[in-house]
Structures are given as structure tokens and as C-alpha cells.
Amino acid sequence: MATLKVLIVDDEPGIRSGIKRILSNYFVDFPFLDEEFTFELQEAGSGEDAIEIIDKNNTDIVLLDNKLPGMDGIEVLEYINKKEFDCSVMMITSYASLDLAVKATNNGAYNFVPKPFTPQELKAAMEGITKNLYLRRMTKKLNKEGKQVRFQFLSVLSHELKSPINAIEGYLRIMKDRQVGNNIDDYEVMLNRSLERISGMRTLIMDMLDLTKLESNKKALDVKKIDIVDIATLSKDTMTPMAIQKNIKIFIDSNPEHIFLLAEPEKIEIIFNNLISNAVKYNKDNGEVNCVLREENNKIKISVSDTGIGMSEEDIPKLFQEFMRIKNEKTKAISGSGLGLSILKKIVEEVFHGSISVASIPDKGTTFTIEIPKINIPL
Amino acid sequence: MNTLKDKTVLIADDDMDIITQLSLQLTKIGMKVITAETQKDAESIIEKTKPDLAIFDLMMDNRDSGFILSYKLKKKYPEVPVIIITGVTADTGMMFGLESEEQKKWIKADLYLEKGLRPEQLQMEIKKLLKI
Ligand SMILES: Nc1ncnc2c1ncn2[C@@H]1O[C@H](COP(=O)(O)OP(=O)(O)OP(=O)(O)O)[C@@H](O)[C@H]1O
């Protein structure tokens with residue numbers, strides 16, 4: 001059992017004692033953990049007091065009202081962010097403007113809870129923030145111990161980059177030595193293969209860039225209010241040339257018509273580009289790609305279905321590993337780096353606190369479904 | 001004179017281009033080529049067929065597929081020489097040779113080569129292994 005230190009920052013004593021009452025006997029546990037989290041509660045009536053407590057104690061979670069007598073909530077958040085304290089902040093506020101939401105998200109606030117809230121809402125929010133904190137600390141710990149992982153990644157990467165170089169070099173040598181004669185036409189297949197390997201390498205490099213952006217960009221966010229339907233449409237347009245070659249139709253179906261989200265547009269674009277390009281790449285001629293967007297119960301659901309080659313049950317759990325590609329007769333001629341889905345999963349889980357799942361029937365098609373919680377503010 | 005003629009070589013590599021290139025080089029000197037693109041395929045070929053020589057890529061489905069195949073082949077046909085080829089060793093520090101008897105005992109391959117070998121060199125190495 002672990003105890004997390006929670007600091008409640010609100011100038012109204014009634015709210016502080018209300019939260020205390022709700023959380024005093026509350027604990028959070030997860031099916032995948034042996035551990036159970038309980039909360040030790042502290043209070044501060046102003047931003048100044050809050051900072052003093054955070055400086056002295058290791059605070060794990062801060063429940064922060066924005067409207068405070070002296071310095072306001074955002075300033076407290078900025079302080080925590082600047083000092084890089086290892087704690088998660090949840091904003092509790094009665095009126096959130098878009099401006100405030102953007103500022104708070106860019107400063108690393110985990111979530112918004114509107115005031116007034118029911119005990120159930122507060123508990124659900126605490127569960128989310130606890131899980132997030134736990135996962136973040138685990139990832140950090142793994143990264144610290146992660147030299148090994150890093151090395152492994154690099155050695156696999158060098159394999160992935162050297163393979164095409166070896167293949168292309170081999171073909172060039174064959175051509176240089178005129179091994180199949182002097183007629184250039186006899187080298188046609190080798191030339192085409194070389195070009196294909198080069199384009200595969202280019203994809204790998206692009207994917208690598210996405211990955212480094214993800215890793216280095218952790219703090220410097222560029223969060224905006226975006227309409228994910230726009231981004232899906234953009235992605236569809238990008239993939240259309242590839243789809244036309246196989247006579248595949250891409251459909252977008254959104255309900256409501258616009259779905260707004262606070263996010264970095266680039267990240268959402270990576271999600272759609274990966275899902276739609278896979279749905280086209282691993283589809284059959286004359287197939288379809290259906291991109292369904294829904295907003296329900298403060299959740300955004302994105303699903304991309306195709307009518308393609310599908311995959312077997314054993315392949316599904318391996319899908320999200322870095323450099324993982326399914327190898328069989330059907331995928332043989334399709335090139336890719338095997339990085340796309342691993343990047344996608346990272347973004348969905350680490351950036352959007354969401355989840356991704358796959359359902360597939362061999363030879364019938366595949367559906368990838370992503371669910372992300374919507375930050376709880378009026379946009 | 002072409003003494004390599006009609007010798008059968010099993011090539012296992014998950015890179016179809018490397019298979020194409022090796023096949024081209026070896027069929028040109030008269031060898032019969034059987035190919036496999038996965039460790040599994042190679043294993044089932046070994047079950048049924050005895051090649052005169054095997055060339056295995058090190059990293060296929062597994063990071064050490066080449067060693068596994070080599071082990072399995074040698075168990076069934078101890079006299080068949082095995083060459084392991086790879087393209088990664090030098091820069092990942094995963095360096096090894098097969099000089100000492102000690103190493104040969106557990107690695108179970110006869111020769112270890114870098115990818116990108118010139119055809120004449122490969123031919124020479126094969127002749128040496130087949131004692132031709
Ligand atoms: N819609 C799909 N239908 C069938 N198989 C799929 C689908 N999407 C992905 N896969 C399988 O999952 C594997 C991993 O996908 P991922 O997107 O990570 O890599 P990739 O497509 O090989 O490369 P890239 O990231 O360059 O697109 C693919 O190689 C493919 O075998």
C-alpha cells in the first residue's frame with residue numbers, strides 16, 4: 001500500500017473540508033497493480049501557502065483552484081512546472097476560459113474538474129490522476145534504468161538501417177560487374193528493388209523523426225483548440241493518391257459534425273496518418289476505409305476500419321512493438337518501418353491518457369479504435 | 001572446371017533482396033539454391049532436405065535465428081558446413097569470430113561472414129568449406 005500526499009488549494013474552507021471528507025476513506029487500486037493508493041491530505045488557503053508546503057514536502061498531487069486571493073492558480077502551476085516538481089496538478093475551477101485552459105495545459109496540468117462537482121466526479125478524477133502519476137513515475141524509472149533498453153533500440157535501429165544499405169549495395173555491385181550481361185533491361189527488377197528499399201529507408205527516417213519529436217518535445221507543447229474532423233480530412237487528402245492506385249475509397253463519418261479538442265495538431269495528425277495509411281496499405285484492391293469519429297460522455301472515440309488482409313490473433317499483441325512487422329505472403333510486398341503503431345500507442349497513452357485497441361479478422365479487415373478523454377472544459 | 005556444380009545450398013534470410021543476390025551469385029556458378037525467408041520455413045526445409053551447405057542470416061524472426069538454425073542443422077547433419085552472415089556486428093559491438101574450438105562448440109557454425117562480400121570471395125570460402 002502506498003500513500004500519496006495530496007494538497008488541496010482553495011480559499012474557501014468549505015470546499016477544502018468537503019474534498020477532505022470525500023477522499024478520507026477513498027483509495028484507488030488497479031487490476032494490473034498489486035498496490036493500493038490512499039491519500040494523505042493537506043490544505044492551503046492561498047497560492048503562497050501552497051508553494052511553501054510544496055517546497056517543504058514531497059507533494060504528489062495538487063488540487064488547485066484558479067481563483068485565489070493573492071497569486072492565482074496558474075501562477076502556482078507555473079511555479080511547479082518551472083521547478084520541475086514530480087507532482088500532478090488537477091485544476092478545480094468554476095469558470096474555465098479557453099485561454100486559461102490552454103495556459104494550464106501548456107504548463108502541464110493533468111485535468112480540469114469543474115466546480116461544483118459531485119463526490120463521484122472527484123473520485124473518478126482522482127483515479128485518473130493517480131494512474132497517470134504512477135505510469136509517469138514508472139516510465140521515468142524505466143528510462144533511468146533504461147540504458148539497456150536504449151542500446152537495444154539502437155542496435156535494432158542500426159540493423160533496420162543497414163539492411164537496405166546492404167541490399168542496395170549488393171545490387172549496385174551486381175550491376176557494376178555486369179553480372180547478368182550488358183543489357184540494362186535485365187537489371188530492371190534490381191533497379192526497382194533498390195528504389196523501393198530507398199523509399200522504405202526514407203519512411204523509417206521520417207518515423208524516427210516523429211519518435212524523437214515525441215521524446216524531446218515533452219515540455220515545449222503547442223496546444224491549440226482543434227477540430228479533429230479537420231485533421232482527419234487533411235489526413236484523408238494526404239493518403240488519397242496512395243488510395244487511388246488501389247481504387248480504395250476513404251470515408252469520414254463524424255457525429256457531431258465538429259469535434260473539438262485541446263491538443264497539438266501535429267500529434268493528432270500523426271494518429272490519423274498512421275491509421276489511415278495502414279488501412280490503405282494493408283487493404284485489398286477496391287476496398288474501403290471507414291473513419292468514424294464520435295464524441296460521447298466526455299470521450300472522443302476514433303475508429304478506423306478497413307476491408308483488408310486482417311491479421312491473426314497471435315499477431316495482435318506484438319503489433320505495437322517497435323520495428324514489429326507481420327511477415328507473411330500477404331505483407332511481403334508492402335514496405336514499412338514497423339514503427340508507426342509503436343509511435344501511435346505512445347502518443348495515445350502518454351500524451352492523451354487514452355487507450356487503443358484492435359479487432360481483426362484475417363482476410364476480412366481490421367479496426368483500430370482509440371478512446372481519449374476530453375479535457376473537461378467548455379470550449 | 002566447376003566442381004561446385006549441382007551442390008545444394010540452403011539460404012535463409014528475411015531480406016528478399018539478399019536472397020535474390022546470393023541466389024544469383026550461386027546459381028551462376030552452378031549451385032542448386034533452396035531459399036527460406038523465415039526461421040520457421042528454414043526449419044521445415046531442414047526436416048526434409050539435406051543440403052550440402054547452409055548460409056543463414058543471423059537476425060531473422062529472432063535476434064539469434066542464425067544460431068538456432070545452425071544448431072538444429074548440425075544436430076541433424078553434423079557434417080554439413082554452415083556460414084552465418086550478418087550486417088550488424090561491427091557497429092553494435094556484437095563481434096565474434098569462430099577461430100577457437102571453444103567458440104565453435106557453442107556457436108555451431110563453421111564460418112561467419114559480413115554481408116556485402118564479393119562473389120569471388122564467397123565462392124572461395126564455399127570451396128574451402130566443401131573441401132573442393
Ligand atoms: N490495418 C491493418 N491491417 C492489417 N495489418 C496491419 C494493419 N495495420 C498494421 N498492420 C500490421 O502491423 C504491422 C505494424 O504496423 P506499423 O504501422 O507499426 O508499421 P509498418 O506499416 O510496417 O510501417 P510504417 O510505420 O512505416 O507504416 C504492419 O507491418 C502490418 O503487418
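## Ground rules

A polar contact here is a pair of N or O atoms within 3.5 Å. Keep that in mind for the ligand, where a polar side-chain atom of A:Asp306 sits 2.7 Å from a ligand nitrogen atom. Bear in mind, too, that this is a predicted model.

## Around the ligand

The side chain of A:Lys281 puts an N or O atom 2.8 Å from a ligand oxygen, and at A:Gly340 a polar backbone atom is 2.8 Å from an oxygen of the ligand. On its own the ligand has 600 Å² of accessible area, and the protein covers 98% of that.

The shell counts 20 residues, and those that come nearest are A:Tyr282, A:Asp306, A:Arg325, A:Gly340 and A:Leu341. Sorted by class, there are eight nonpolar, eight polar and four charged residues.

## Where the chains meet

Chains A and B bury about 2000 Å² between them, with 48% of it on carbon and sulfur atoms. Each chain brings 21 residues to the contact.

There are four salt bridges between the two chains. One of them pairs the side chains of B:Asp17 and A:Arg193, N to O at 2.7 Å.

## Chain B's side

On chain B, the elements giving two or more residues to the side that touches chain A are α1 (16–28) and α4 (89–92). The largest share, eight residues, comes from α1(B). By class, this side of chain B has nine charged, six polar and six nonpolar residues.

Notes:
Residues are numbered from 1 along each chain as its sequence is written. Chains are lettered from A and ligands numbered from 1 in the order in which they are written. This is a predicted model: local features need pLDDT of at least 70, side-chain atom pairs count only at pLDDT 80 or more; totals for chains, interfaces and linings use all residues. Side-chain values use heavy atoms; hydrogens and water are left out. Contact means heavy atoms within 4.5 Å. Buried area is the accessible area (1.4 Å probe) that two parts lose on being put together, summed over both. Helices (H or I, at least four residues) and strands (E, at least two) are DSSP runs, numbered from the N terminus. Ala, Val, Leu, Ile, Met, Phe, Trp, Tyr, Cys and Pro count as nonpolar, Asp, Glu, Lys and Arg as charged, and the others, Gly among them, as polar. A residue is near a molecule or strand if one of its heavy atoms lies within 4 Å of it. A polar contact is a pair of N or O atoms within 3.5 Å; within protein, one must be able to donate a hydrogen and the other to accept it, and residues adjacent in sequence count only if both atoms are side-chain atoms. Accessible areas come from the Shrake-Rupley method with a 1.4 Å probe; for residues, only the protein chains shown count as cover.
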